[in-house]
Amino acid sequence: MFIDPHAHMVSRTTDDYEAMAAAGIVALVEPAFWVGQPRTFVGTYVDYLSSLVGWERFRAGQFGIRHYCTIGLNSKEANNEALAEGVMEWLPRFALKEGVVAIGEIGYDEQTPLEDKYFRAQLALAKQLELPVMVHTPHRDKKRGTSRSMDVCEEMGLDPSWVVIDHNNEETVRETLDRGYWAGFSIYPSTKMGNARMVELLKQYGGNRIIVDSACDWGISDCLGVPKTARLALESGIAESVVRQVTYDNALAVYGKSGQMHAADWLDPAPIDQRTLFEGNSILRGGRDPRVEAAADRRRDRLLIE
């Protein structure tokens, strides 16, 4: 069983959900993020956040995957101050909804004063609501941006054990771990972190406080980054216990601090019934027969796979 703790499923198809479920992904965390072009009205942001706690939660469940999300104002759009102010007014309402496991993904892009302002404001919100934090580290000037992100978290009084520093690489992982944070790695084709590189890092650092995710999004990316990395790690001689840590246990440990994420959610699963609707909508098209499975049948399937 795997958890993918950073999967932007709003940009993926039902085929991806089917493939992820078949590969053993039982749960995922979908972070609020930039959707490829700037949002210019607060209302579009509200509708997007509504989809994370509504439609995507429903859609994942239609394939037997438990869906959680993080809520936040992303760093790129923090530079639109009027938009950011409006979004900040909405965030507390969404952060308290069912299935929200963290504030995120937040942090820096170009490391501007406005990005810093709203990063700090959202860290304060996470602290107030007693929620974990998912930090997006910048693509440019990553090492300095990662260090700065952790400095600000500490200035704001956050416990590092409640903070995931994501999109790490070989330059940043040592400091992230040494300072007591969770180190997330996004397995991404041609950028961020490939799974062969990830295996080498696991050989060096082990599995303590390391989290592997896919960050699959609207660009060239792979929704099976977690199970593919697990398989490569096992084939490369990494202990099964370490592979389980980085692809399951650690994500559950940190996001479980929210009180919203429990192993029982997928170990004792709800039935799948694709005849059900979400606000009148179905995932089915073209007269396709719905998949209907009782919880007991799903438990048997899980045990047979194990």
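**A colleague's note on this predicted model**

1. Leaving aside neighbours within four places in sequence, Ser282 is in contact with Trp55, Gln274 and Leu277, where contact means heavy atoms within 4.5 Å. Ser282 sits in the loop between β9 (272–273) and β10 (292–293). Ser282 is buried, with a relative accessible area of 17%; buried means under 20% relative accessible area, exposed over 50%, and partly exposed in between (1.4 Å probe, protein chains only).

2. A word on what you are looking at. This is a predicted model, in which local features need pLDDT of at least 70 and side-chain atom pairs count only at pLDDT 80 or more, while totals for chains, interfaces and linings use all residues. Residues are numbered from 1 along each chain as its sequence is written, and side-chain values use heavy atoms, with hydrogens and water left out.

3. Now the whole chain. The protein chain has twelve helices and ten strands; these are DSSP runs, numbered from the N terminus (helices: H or I, at least four residues; strands: E, at least two). The radius of gyration is 19 Å, close to the 19 Å that the globule rule gives for 306 residues, so the protein chain is as compact as a globular protein of that length. That radius is taken over C-alpha atoms, and the rule is 2.2 Å times the number of residues to the power 0.38. Of the 306 residues, 53% are buried. Among contacts between residues at least 6 apart in sequence, 73% join residues at least 24 apart.

4. An α-helix has 3.6 residues a turn, so residues three or four places apart point the same way. Following α1 comes Gly24, with a positive phi near 100°.

5. Which residues of helix α8 (residues 195–205) are buried? They are Met198, Val199, Leu201, Leu202 and Tyr205. Down the axis of α8, they fall within an arc of 160°, so they line one face of the helix. Their packing partners are α7 (173–178), β7 (182–186), β8 (210–213), α9 (225–235) and α10 (240–255). Just after α8, Gly206 takes a positive phi of about 75°.

6. Most residues other than glycine have a negative phi, and most peptide bonds are trans. Asp141, which is not a glycine, has a positive phi of about 55°. Asp141 lies in the loop between β5 (133–136) and α6 (142–155) and is partly exposed, with a relative accessible area of 42%. His167 is not a glycine either, and its phi is positive at about 60°. His167 is in the loop between β6 (163–166) and α7 and is buried, with a relative accessible area of 3%. Lastly, a cis peptide bond joins Gly104 and Glu105, with omega about -15°; Glu105 belongs to strand β4 (residues 100–107).

Definitions and conventions:
The arc is that of the directions from the helix axis to the C-beta atoms.
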